[in-house]
Every structure is written in structure tokens, then in C-alpha cells.
Amino acid sequence: MDMVNVKINGVSASVPKGSTILEAARQIGIEIPTLCYMKKINEIGACRICIVEANEGRGFRQVTACVYPVSEGMEVLTTSEKIQQARKTTLELILSTHEKKCLSCSRSTNCELQKLCNEYGVDETSFEGSKPHYELDTSTPHLVRDNNKCILCRRCVAACKQQYVSVIGPNDRGFDTSIGQPFGLSLNETPCISCGQCTAVCPTGALTEKDDTDKVWDALADPDKYVVVQTAPSIRATIGECFGMPVGTNVEGKMVAGLRRLGFDKVFDTDFGADLTIVEEANELVERIKNGGTLPMITSCSPGWVKFCEFYYPNLIPHLSTCKSPQQMAGAVIKTYYAEKMGIDPKNMVVVSVMPCTAKKFEIGRPDQNAAGVPDVDIALTTREAARMMKRLGINFETLPSEEFDSPLAEDTGAAVIFGATGGVMEAAVRTANAWLNGATEAIELEAVRGTDSIKEATVEVGGTPLKLCVASGAAAAKEVMDKLAAGNPEGWGFIEIMGCPGGCVNGGGQPIQPQYVRDTIDLKAVRAKALYDQDKEMPLRMSHESPVIKALYDEWFDGFGGPKAHHALHTSYVERKRFK
């Protein structure tokens, strides 16, 4: 590798040729502030916060560090008096059109703009003049767009483009520029898949999930309501970040304790819903293989992915598994099996879910998700919303004891735990199919579908027949797979797992927001997923069909595998969606 010698703030370094000044500085432990930069996704130099002084033998001049390449002998100053004043002025100009309602903003204390303004001693009134006003876009169930807080960094545009859908972008020019949808459409009138990746990268409060915590507070305060909460497999590996704990810390026991202290009547583990999903998906796959059903079968756990398929590949909907997601299966079981067991009218139950995904807010309102005649799930919260509720009650998360989920919906398996990582659903399904058709007694470890690559493949033998597997995460990867499927499946895939978010649920749009510097320098997907795989290794049961809860459900309630009662409660249907309304 060709190297060049540079000096940054007086520190000599040898860095790869072609590196930007920002990349070179990071290699020697110097962080240059940014507001628009996203590594390999949004490298446009738009915000001007990363400006530095660079001397290539012709004297120092100001350049943007995120896009300007280093050269042999270059000298760089990242914190000179001129640079600090330039950044301060830029921040003050940004604030001149920014709605400064920090006290009521959900991003307060976790806002990259606020942090920089504090660090540079910004005077928010230095530039006062015309200030545009925008109406909030609250048209979708999952998101609020507040352009009064937008700084035009275009991170959301880049994230949406990375997800292929590109339903948002800059409109108008100059002072009138704003980020939004084409032709003045509301977000609900576009083929947005509700993935929420835009909310995860926004540096301010311009894009946030729709806050449903007041609905939960109201339910908890209603003496006539029996309120339960369920938590997705990935939440245990992420919610600790909201309380300053290291990325990838498994806080399952503390999470349960924290939710219990909010006042829920029961705290259940969505993992039992994941185990249930695997049993149903494995049964469906076996039936398709035996009876000549539509293959390859594609998993249906990710509502963002399902919506993507309905918008962009409606002719391929028959490939989707008809299984509900773990969230919806869990809700259906709670309001049928558990409600009858406890003698509770499902109409008096409120099922709350804590999910990594903003698309779950959309999913709970889908048709054909009401096994008990009422919605399977009433309120879907993101990881961030659940953490905010705990903070509001003054719960000291780090000092909480480790507590267990409530029975009888507490038992789960390692197969369910790994659902939160890309490839986890596939590996879990193969474990059960391998046991049913090959007589295996040990859980297979399908290393080929682990990791954060956007597309992975493997081949396994199921019932004496080779089955080629494909795993994809992120809508752009989903497009690549679906295009091949539409072309006749030249790869010969028999079973496909697709997750709407890159890396799977551990990187969902509702997960804890990390500063872009962290996102650029730590592989959040891999670190969070490791916590799930580590737990899987330690579990006494690692195959979904071994779960005592699952066995009891089918013995006591569903009258065996594949029966009509199970199909009614646990399966759903899909619709073709128009791209624009």
C-alpha cells in the first residue's frame, strides 16, 4: 500500500495514499467535528463544520477535511484560532434558521448540533432574520418530520438512498431549500417502507419516531386495563446504550426489572414469539417442499421488508411466508391462549411491544392481525421510547437487579435470541428443519450466514435434499436478491431470509442513537449481534421446537402443528401497494 507522510497539529504520521484529511486525523487519534459526514454513505462536505487549514507548500488555506485528500508533506491544523472561529460562525448561521426548542426536544443532550454549540460557546442570537416555518409531517404511523429543526445535512437523504427507496430529497433552492418528498407529497403518499434508518442518522430532532409513550402511560393508569409488555430479542443487546453502557452489553435482566418498575402487569419475552415463528416457518417450508408449493420461501419477520415487497415486487408476494412476525404472534398468543388461561377479556388487555424497528408501529395497524377479534398488539414502542419512560420515572438502570421474565411466556431458546441479527432467522429455522427431517439432536451452527455482509449464501441438506439458502439485509440488498428471483432464480435458492435494515434488527431504525463518529468507527451491527450469539451459546435449549412453552401451546391450544387454529392465529396475508397515492 502506498503511504504518504503528513503532519497534523504538529504530529507526524504516515497514512494510506488517497486518505482524506478526516480519515488521516482519525488514524492518529484526532477527531475533526462533522455534521453531514457518514462514512462511505454521505461524503459531501456540505455542513462546513469539518473545515481545517491545510498547507501543501503554498501556505495554509481552508479546506473541508471529509473530502479533501492528503498529499505528501501536507501540514494540517484542525484547531487553529481561525478554524475555531470559522466553525463557530457556521454553527451560529445554522442556528439562525433552527427552531431552538431544546428543552422539549427528544434529542436534547443527544443532539450533535447542541453538543457542538456547547463546545464552541455559540451565541444563538448572533444572526437573526427571516426564519422559515414548516408544518410537521405526521402522516405516517411511525415518523414525525420537523423541518424547523432540519440543518440540511442530507444524512437522511443518503440513508434513504442506501435503502434504495429514495423517497426523500432536497426541494427548492437557496434559502428555500428543504428536505421532503417530491411534488409536495406527504410521506404517507410515497413508497416509504417505514424502516426508520433516517431517524437513526439525523443529527438533530428533525426526524424522530412518533412518540407513543403517552398511550402507554394512559393504559398503565387505567385500573380497568390489564397491560403487558413484550420485548424483541435484540433489545437486550441495545437498550443499555441509552443509559451510557458499552455497545453490545446484554442487559436482559435489568431490562426486565426496569419495565416491571414502570407498572406493567406482566413482562413477557417476544423470544417465545420468535420460537413460535420458527416452528411455523419450518412447518410451512417443509409443506412447500413436500407439496410443490411456491419456492423459494422468503421470511416475513421484518415489516419494513414486507412493505418493500408489497410496493416494489407485488408479483413475488406468493414467495413470502404467511407467518406473522414474532411481535404479532406473541400478541396473538397473549390475547387468546394467555387471556383464556387467566380469565381476562382480550378487549380489556393492552399489549405493548418494545421493538428495534419503527416499522413495527406500522405493522400493528395492518389488516389480518387480530386473532382475538381485537388488534394482536396495541402499542409498539422503539427501544428509545422505552428508555425514555424509565428515565422519566427516575429509574437508575445500571443499579437495577437482574430479574426474570414472567411465566408462562418466559421460556425461550437460543434460536429465538439470534433472531435479532441478520442470518439469525435462517439459522434458527434450519436448526428445527434439520432436527425434523434429518433427525439431528444438536443445534447446527450455520456460520456461513453469520456476519454483517449484506448478502450471504449457504447450502444445507434437508431431508436428503440440498437446500440453497440466501440471507440479505437492507432494502438495497433485498432489491438485488428480488431482481434475481424475478429473473428466474438462477442461483437456485430454496429459502431466503430478508431483513429490512442493514445488519438486521440490531441496527433497526428504533435502536439507540449513536453519534455519527461512533457509527463510523464501531461496527454497531457486529458488536450488538455478538451479544446475541454469545447468549445463544450458553442457552440450555437452542432449537425452537424444544421450548416447553411452544410444546404446551401446541398441546393445549393449537391441537398440534399445522392445524387450522394455529393458522388462524399465527398467519396473515399481504396486499399490493401503489407506489404513489
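A residue is taken here as buried when its relative accessible area is under 20%. By this criterion, helix α9 of the predicted model is mostly covered, with ten of its ten residues buried. The buried residues of α9 are Pro303, Gly304, Trp305, Val306, Lys307, Phe308, Cys309, Glu310, Phe311 and Tyr312, and the elements that cover them include the strands β12 (297-298) and β17 (495-499) together with the helices α11 (359-363) and α15.

From α9, the residues Trp305, Phe308 and Cys309 make the contact, and they meet Ala475, Ala478, Lys479 and Met482 of α15. Sorted by class, the contact of α9 with α15 comprises six nonpolar residues and one charged residue, with no polar residues. In general, an α-helix has 3.6 residues a turn, so residues three or four places apart point the same way.

Strand β17, which is among the elements covering α9, is joined to β16 by five bridges, and these two strands run parallel. Within this pairing, Ser473 has Met499 of β17 as its bridge partner. Strand β16 (residues 465-473) is also joined to strand β15 (residues 455-462), in this case by eight bridges and in an antiparallel arrangement, in which Glu457 is partnered by Cys470 of β16. The hairpin of β15 and β16 has two residues between the strands, and in this hairpin Gly463 takes a positive phi near 60°.

An open sheet of four strands was also identified, with the order β11-β10-β13-β14 and parallel pairing. Strands β11 (266-269) and β14 (379-382) stand at the edges of this sheet and each has a single partner strand, so that one side of each is left without a neighbour in the sheet. From one strand to the next, the twist averages 25°. Strand β10 (residues 226-231) runs parallel to β11 and is joined to β11 by four bridges, and the bridge partner of Val228 in β11 is Lys266. Helix α10 (residues 326-342) packs on this sheet, where α10 touches β10, β11, β13 (349-355) and β14, and the direction of α10 makes about 150° with that of β13.

Definitions and conventions: Residues numbered from 1 in each chain as written. Predicted model: local features only at pLDDT ≥ 70, side-chain atom pairs only at ≥ 80, totals over all residues. Heavy atoms only, no water. Contact = heavy atoms within 4.5 Å. Nonpolar A, V, L, I, M, F, W, Y, C, P; charged D, E, K, R; others polar. Pairing = 2+ DSSP bridges. Axes fitted to C-alpha atoms, helices over the stretch in contact; angles between N-to-C directions. Buried < 20%, exposed > 50% of the residue type's maximum accessible area, 1.4 Å probe, protein only.
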